[in-house]
Amino acid sequence: MAPASASPLASDLRAAYLRQSTAFCPGCGHGIFMNAFLRAAAALPLDFDRTVFVSGIGCGAWVPSPHFLADTLHVTHGRAVAFAAGVQRARPDLNVVVISGDGDLANIGGNHLIHAARRQIPIKVFCLNNWLFGMTGGQVSATTPRTARTATTPAGNPDPPFDLVRLVLGAGAPFAARWPVSQPRQLARGILHALQEPGFAFVEVLSICPTHFGRANEALLPGEAAQSIPWRMLEWLRRNCVGRERAAGLPPEERAGKILTGEWRGEEGWP
Ligand SMILES: Cc1ncc(C[n+]2csc(CCOP(=O)(O)OP(=O)(O)O)c2C)c(N)n1
């Protein structure tokens with residue numbers, strides 16, 4: 001199934017792995033993740049005929065289903081990890097890959113996520129974190145940054161967000177990674193490493209939702225025109241994400257408020 005070239009064109013990837021083109025909003029970061037995922041899949045190669053993709057409900061959950069040319073389970077909201085654990089138990093010979101959103105995996109499905117990490121169930125979980133519930137109109141989620149405006153926190157979110165990498169490592173995950181869609185090469189490499197892991201692996205993908213998050217939080221994004229929100233969000237990610245190795249050498253005042261990116265092994269403990 002894998003395209004012949006080592007660095008395939010997007011059109012080769014589409015032909016090899018997708019049923020149809022996507023219906024994401026203009027500027028949505030989920031398409032960048034899909035591209036990075038398919039590049040990692042082609043590089044391995046990940047045999048789509050021996051892979052089951054599981055997703056819940058939400059925009060992120062639409063990445064594998066209906067798009068991927070593979071067996072997909074598109075299940076009830078929040079239950080993707082539970083279904084995936086069942087598939088893995090019944091068919092340990094298959095690769096089981098979960099792709100879903102932060103609301104699906106960290107709000108309604110948060111309990112399943114931490115227990116899958118604790119039990120080190122050998123599934124790969126990719127969380128598309130766009131900082132709110134995108135599909136239902138932009139409500140606050142467990143990863144919405146403090147003070148950010150959403151449909152349900154118009155005066156700013158009063159609560160602190162989960163750090164999903166810390167959460168799963170604290171629960172016992174042997175591998176976790178975090179990369180933004182503004183760094184697609186590092187993201188693809190992180191996805192590849194997660195897919196190569198023999199046990200439970202988790203990747204937090206910092207995606208962007210210009211339609212709901214960007215429009216509600218223009219004040220956080222320096223710049224002028226509303227139509228430039230997608231690239232301003234990517235710029236914001238570029239400025240505010242810092243690799244864990246670089247962060248280790250920064251003075252505390254420069255590190256404060258930055259989002260740590262990179263890959264972590266469970267035995268290292270919390271980042
Ligand atoms: C049991 C249940 N509760 C609520 C909903 C409504 N609902 C559908 S998608 C969604 C949130 C999706 O957010 P997220 O997982 O972050 O994905 P995104 O759309 O942002 O990619 C909610 C609350 C539902 N479908 N089922």
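Student: With its C-beta neighbours inside 10 Å counted, is glutamine 120 buried, exposed or partly exposed, and why?

Tutor: The model before us is a predicted one. In it, glutamine 120 has 17 C-beta neighbours inside 10 Å and therefore counts as partly exposed. A residue would need 20 or more such neighbours to be buried, and 12 or fewer to be exposed, so a count of 17 falls in between.

Glutamine 120 sits in the loop between helix H5 (110-118) and strand E4. If its neighbours within four places in sequence are left aside, glutamine 120 is in contact with Gly172, Pro174, Gly199 and Phe200.

Phenylalanine 175 leads us to strand E7, which comprises residues 175-180. Here the burial is of another kind, for 6 of the 6 residues of E7 are buried. Phe175, Ala177 and Trp179 point one way from the strand, whereas Ala176, Arg178 and Pro180 point the other way. Strand E7 runs parallel to E8, and 6 bridges join the two. Within this pairing, alanine 177 has valine 203 of E8 as its bridge partner.

Phenylalanine 53 has valine 97 of E3 as its bridge partner.

Another helix deserves attention. Helix H2 (residues 30-43) is built of 14 residues and reaches 20 Å from its first C-alpha to its last. Of its 14 residues, 11 are buried, so H2 is largely enclosed by the rest of the structure. Among the buried residues of H2 are His30, Phe33, Phe37 and Arg39. The buried residues of this helix pack against helix H1 (10-17), strand E4 (124-129), helix H7 (184-196) and strand E8 (201-206).

This brings us to the interior. In soluble globular proteins, nonpolar side chains tend to be buried together. The largest nonpolar core here has 78 residues, and those with the most contacts inside it are Phe33, Val98, Val168 and Val205. H2 gives the most to this core, with 9 residues. As for valine 168, if its neighbours within four places in sequence are again left aside, its contacts are Leu113, Ala117, Ala173, Ala176 and Phe202.

Finally, let us turn to the ligand. There are 17 residues around the ligand, of which Gly58, Cys59, Gly101, Gly103 and Gly134 come nearest. E3 and helix H4 (102-108) each supply at least two residues of the shell around the ligand, and H4 gives the most to this shell, with 3 residues.

Terms used. Residues are numbered from 1 along each chain as its sequence is written. This is a predicted model: local features need pLDDT of at least 70, side-chain atom pairs count only at pLDDT 80 or more; totals for chains, interfaces and linings use all residues. Helices (H or I, at least four residues) and strands (E, at least two) are DSSP runs, numbered from the N terminus. The expected span of a helix is 1.5 Å times one less than its number of residues. Two residues are in contact if their C-beta atoms, placed from the backbone, lie within 7 Å. Two strands pair if DSSP finds at least two bridges between them. A nonpolar core is a set of buried Ala, Val, Leu, Ile, Met, Phe, Trp, Tyr and Cys residues joined through C-beta atoms within 7 Å. A residue is near a molecule or strand if its C-beta atom, placed from the backbone, lies within 6 Å of it.
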